Amino acid sequence: MYNFLLVIQLISLVVLFGEGLYVFFHLNSRMHSFLFLYLIANIANQAGYLFEMTAKTSEEAYLATRLLYLGKVFIPIGMIIFILHFCRINIPQWLSALLISLHALMWMVIATNDYHHLFYSTITFVNSGMFPHNSYGHGPLYFIYQATSPIYAIIDIVFAIKLRKEFQRNETKRHFLIFILAPLLPLIGFVFFLFGVTNGYDTTNLGFFLASILLMCAFFRFDLIDTEDMFRNRVIDSLNDGILATGYNGKLVYYNNRARGLFPGMLVAGKTDENSGIIKDLRNKAERKERIKIGDCVYGIVVKEVVRDDLFTGRLYILDDVTDSVKYTKQLEEEKERANAANEAKSRFLSNMSHEIRTPMNAIVGMTDIILRDELPDSDKEYLENIRNSGNALIDIINDILDFSKIESGRMEIMESPYEPLTLVNDLKMIFITRIGDKPLRLNYDIDYKLPARLMGDQVRIRQIIINLVNNAIKFTEVGYVRLKVSADRVSDDEIKLNISVKDSGLGIREEDMERLFDSFTQVDSIKNHSKEGTGLGLTITKQLVELMGGKISVESAYGSGSEFFVTIPQKIVDETPATEFNYQKEDKENVHFIAPEAEILVAEDNEINVKVIMGLLEPLKMNIDVAENGLTALRKITDRKYDLVLMDHMMPVMDGLEATSKIRERGGEYYEKLPIIALTANAVQGAREELLSAGMNDYVMKPVDIDELKYKIRKWLPADLVIDVSPEEYAAAASDDAYAGTLAGTDSGNKDNERTGAPERDLGEKESDYGYLDREIGLKHCGSESLYNEVLRDFYKLIDNKAGRIEALYNENNLDEYTIEVHALKSVARMVGAEYLSGLALELEMAGKEENRALIDEKTPELLDRYRAYKQTLSYFDAEDNTDKSEVSKDEIIEKLNAMKEAASTFDIDTVDEMMEVINGFKMPDEELEGMIKDLDALVRDVSYDDVTRSVDEIISKL
């Protein structure tokens with residue numbers, strides 16, 4: 001066995017010597033240098049152990065040990081730095097030098113052990129084991145040295161595993177196991193030796209030898225010997241482009257003749273660090289997409305990574321002479337800047353001029369209308385009508401210029417909301433008939449009545465596109481026809497392409513004019529069309545609006561035979577019911593007049609404002625209405641009490657409407673199976689209807705709620721024996737005593753003393769970008785009356801701090817589920833009060849929350865909060881109203897009302913809670929702190945946060 005081990009030592013020496021010699025002749029990087037250090041140290045280690053195995057005396061064995069450690073102390077440092085370099089861990093030179101110095105110091109300690117005994121405490125020559133050898137007692141430095149080897153091995157293995165995970169190819173992953181196994185082999189050998197398995201033979205050295213073989217396999221497998229050749233094979237030295245190549249560590253390994261000419265001070269590649277400044281500068285400029293100037297020439301820099309078998313091996317820098325191109329580009333940029341400056345000046349002028357002209361023109365047209373109401377001679381009326389028509393034509397031109405300047409400046413925004421395409425087209429018919437006037441023209445309509453009943457899009461801009469195209473066709477067609485065609489092509493389950501075409505039998509367009517048809521301020525065939533009024537902006541604006549909505553516009557024309565314009569715009573489906581069926585139902589809805597005084601209705605809705613609006617809208621129906629703040633409460637109430645119909649909100653905290661409905665249906669029995677449940681949802685997307693019905697709901701109503709649709713659905717699902725049909729006159733009489741009946745009943749019984757809505761009078765053309773703007777008409781439409789709108793506005797104002805703070809907190813906590821519910825609620829409420837832009841932002845963030853699109857949430861949430869909080873200023877007069885004279889009462893009376901509110905909140909008695917809150921708001925509090933706490937309590941009451949109401953009441957009472 002002894003002779004066999006001697007043969008192994010000799011073989012290892014020969015192999016290691018061959019490996020070291022090969023690496024020495026291929027040195028071209030620091031990584032190679034540390035592999036060479038590892039091999040040379042291994043040779044010294046193996047030679048020293050061979051001499052120790054053949055030693056005859058203790059002195060010879062100790063001398064061999066010093067030679068052994070001359071190599072052994074440098075083996076771990078050579079291996080770790082080589083592997084870390086290969087794993088792309090940049091080891092600073094100072095750190096490498098420090099580690100080598102520490103290991104050299106360790107060897108000096110071993111060599112001088114006779115003087116201090118820090119490494120070996122005792123040395124005894126023994127004849128046991130496979131061969132005579134020294135037995136050493138271990139000093140403190142011995143244990144420190146032995147601890148470094150496993151530490152280094154663990155570091156190597158960790159970084160090798162980390163880099164291995166980045167590769168995709170299994171073959172590369174298998175080869176990378178080399179760098180995991182190599183550090184393990186010496187450790188395994190040391191463990192065998194430590195526990196006496198090898199009977200005195202130190203298998204650690206065998207582990208170092210086998211590790212060297214693995215590292216050399218990696219040396220060949222990953223082409224570490226061919227870095228320079230690999231780049232030389234990829235470049236032609238005679239190219240006009242300057243080419244430089246660096247290894248994985250950023251060190252220069254090759255450059256061609258052109259690069260040498262550009263950088264004459266460049267030294268021999270790969271031998272020094274003095275080129276690092278050039279490489280670093282090129283890398284930085286390439287990352288910033290900058291060019292480099294050398295002499296009178298300008299060079300573009302292209303950087304390409306060189307990867308083999310998923311392993312990054314270096315970079316190729318290509319310097320391309322772009323001097324002529326830069327000069328030409330600079331000239332173009334100068335021309336472009338001059339053109340942009342002129343265009344910007346023109347846009348500013350047009351915008352300012354149009355605003356200035358529109359004010360007096362509106363006055364002219366308005367005053368003309370007033371005068372025309374009086375009894376006047378026919379000749380005077382004719383003159384005035386001409387003035388009005390000319391004024392309206394001029395206002396149309398001004399509006400075109402405003403739209404054009406707004407689009408060019410990037411201020412035109414697309415505001416999407418649900419709309420009915422068939423209704424939109426029908427509403428335009430009278431406009432077109434008026435436009436035709438006395439012309440012998442037929443206006444034909446070809447409408448696909450299988451269009452989805454409701455779509456999601458910017459109906460204002462779509463309306464503008466249709467008007468522009470049809471008006472343009474009427475303008476340039478003297479006799480014959482104009483045909484409007486509207487159809488749809490299905491793109492996916494929730495999207496269509498809305499197709500609009502306008503065809504006429506007019507003048508047509510010459511082929512040479514087609515290219516400039518959509519140019520600004522251009523009217524083609526100006527000789528024939530010189531009498532046609534207009535700016536030449538109609539088609540330009542139409543094209544830009546279509547493209548803003550992601551659509552396309554095209555035209556076909558035969559000169560003298562007419563033209564046809566085609567527009568396609570992508571639109572989301574809200575309700576895929578065919579338009580004819582939907583509008584038939586709508587006509588029925590408008591004639592629904594009934595009361596149901598015996599009906600028991602449950603409204604499951606978590607938002608106080610929505611609850612208030614629904615109860616106000618349903619007041620004339622005389623039904624008995626109960627409220628639940630979430631699906632779980634609704635489930636309990638339905639168990640304890642029999643209801644005839646449930647209005648169930650879709651998204652609520654604790655338990656949403658879908659889950660609550662499913663649990664109701666799961667209970668079985670006729671009552672739970674047949675109880676009519678109508679969803680209240682603001683989810684205007686295709687698939688929502690199927691989701692609601694599949695959960696067990698009978699029908700749904702879109703939010704903000706349309707009173708006619710809500711009445712129609714309640715009438716449809718309420719048991720027939722509870723419904724009392726009444727005439728419109730009887731319905732109006734039944735509603736006449738209600739606080740919100742003025743608009744609902746078609747009378748003027750609203751509260752005349754409270755007509756102020758807080759919506760500032762502003763230029764509606766700018767409303768999309770105004771902070772704090774409220775569209776009063778939309779708010780009144782959704783709330784049904786002036787008084788209810790004012791009350792909803794007040795609640796909206798009171799909840800701003802509370803709701804905005806909650807949204808912000810959930811955003812900061814990254815609680816996307818609750819965040820989505822909150823912005824969903826804000827979407828509906830904002831739309832209800834006429835805050836259209838805020839509602840659109842909330843919708844966008846609701847979708848982002850459902851899709852977990854954190855980037856969009858991060859981008860849009862600050863704007864949402866800013867716009868939401870801006871309404872504090874818009875509606876600040878509500879605060880002034882609340883600060884009117886208050887009654888001074890005793891603390892006992894305040895506490896009595898607070899306890900009454902607390903008791904009502906525990907049973908979810910909304911009316912009593914609201915009544916107590918109103919009373920308490922009329923009390924003067926003892927100090928400012930309590931005034932603030934009462935305001936916070938008011939916000940909690942309006943938000944129907946009754947658990948928080950109870951806690952707040954207890955806290956206020958404790959302060960009194």
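Guide: A cavity here is a set of grid points where a 1.4 Å probe fits but cannot get out. This is a predicted model. By that definition, the structure holds seven cavities of 30 Å³ or more. The largest cavity has a volume of about 90 Å³.

Take the lining next. Two helices each supply at least two of its residues: H30, spanning 800-812, and H31, spanning 816-833. H31 gives the most, with four residues. The lining includes Glu822, Ala825, Leu826 and Val829. Lys803 and Ile807 also line the cavity. So do Phe796 and Leu799. Asn607, Ile609 and Tyr868 complete the list.

Now to the strands. S16 covers residues 600-604, and S17 covers residues 624-628. The two strands pair in the parallel sense, over five bridges. Between them the chain passes through helix H20, residues 608-618. This β-α-β crossover is right-handed. Within the pairing, Val603 has Val627 of S17 as its bridge partner. In a regular strand, side chains alternate between the two faces of the sheet.

Next, Ala848. This residue sits in helix H32, residues 836-850. Is Ala848 buried or exposed? Ala848 has a relative accessible area of 1%. The cut-off for buried is under 20%, so Ala848 counts as buried. Setting aside neighbours within four places in sequence, Ala848 is in contact with Asn853, Leu856 and Ile857. Thr820 is 28 residues from Ala848 in sequence. In space, their C-alpha atoms are 8.3 Å apart.

Last, Asp202. This residue lies in a loop. Helix H9 (178-194) is on one side of that loop, and helix H10 (204-221) is on the other. The relative accessible area of Asp202 is 9%. That is again under the 20% cut-off, so Asp202 is buried as well. Its side chain makes a polar contact of 2.8 Å with the side chain of Thr204. What else does Asp202 touch, leaving aside neighbours within four places in sequence? Asp202 is in contact with Tyr49, Lys72 and Phe193.

Notes:
Residues are numbered from 1 along each chain as its sequence is written. This is a predicted model: local features need pLDDT of at least 70, side-chain atom pairs count only at pLDDT 80 or more; totals for chains, interfaces and linings use all residues. Side-chain values use heavy atoms; hydrogens and water are left out. Buried means under 20% relative accessible area, exposed over 50%, partly exposed in between (1.4 Å probe, protein chains only). A polar contact is a pair of N or O atoms within 3.5 Å; within protein, one must be able to donate a hydrogen and the other to accept it, and residues adjacent in sequence count only if both atoms are side-chain atoms. Contact means heavy atoms within 4.5 Å. Two strands pair if DSSP finds at least two bridges between them. A crossover is right-handed if, with the strands pointing away from the viewer, the path from the first strand over the helix to the second runs clockwise. On a 1 Å grid over the protein atoms alone, a cavity is a set of points where a 1.4 Å probe fits but cannot get out, and a pocket is an open set with protein on both sides within 12 Å along at least five of seven lines; lining residues have an atom within 4 Å of a point. Grid points are joined across faces, edges and corners, and a volume is the space filled by probe spheres set on the points.
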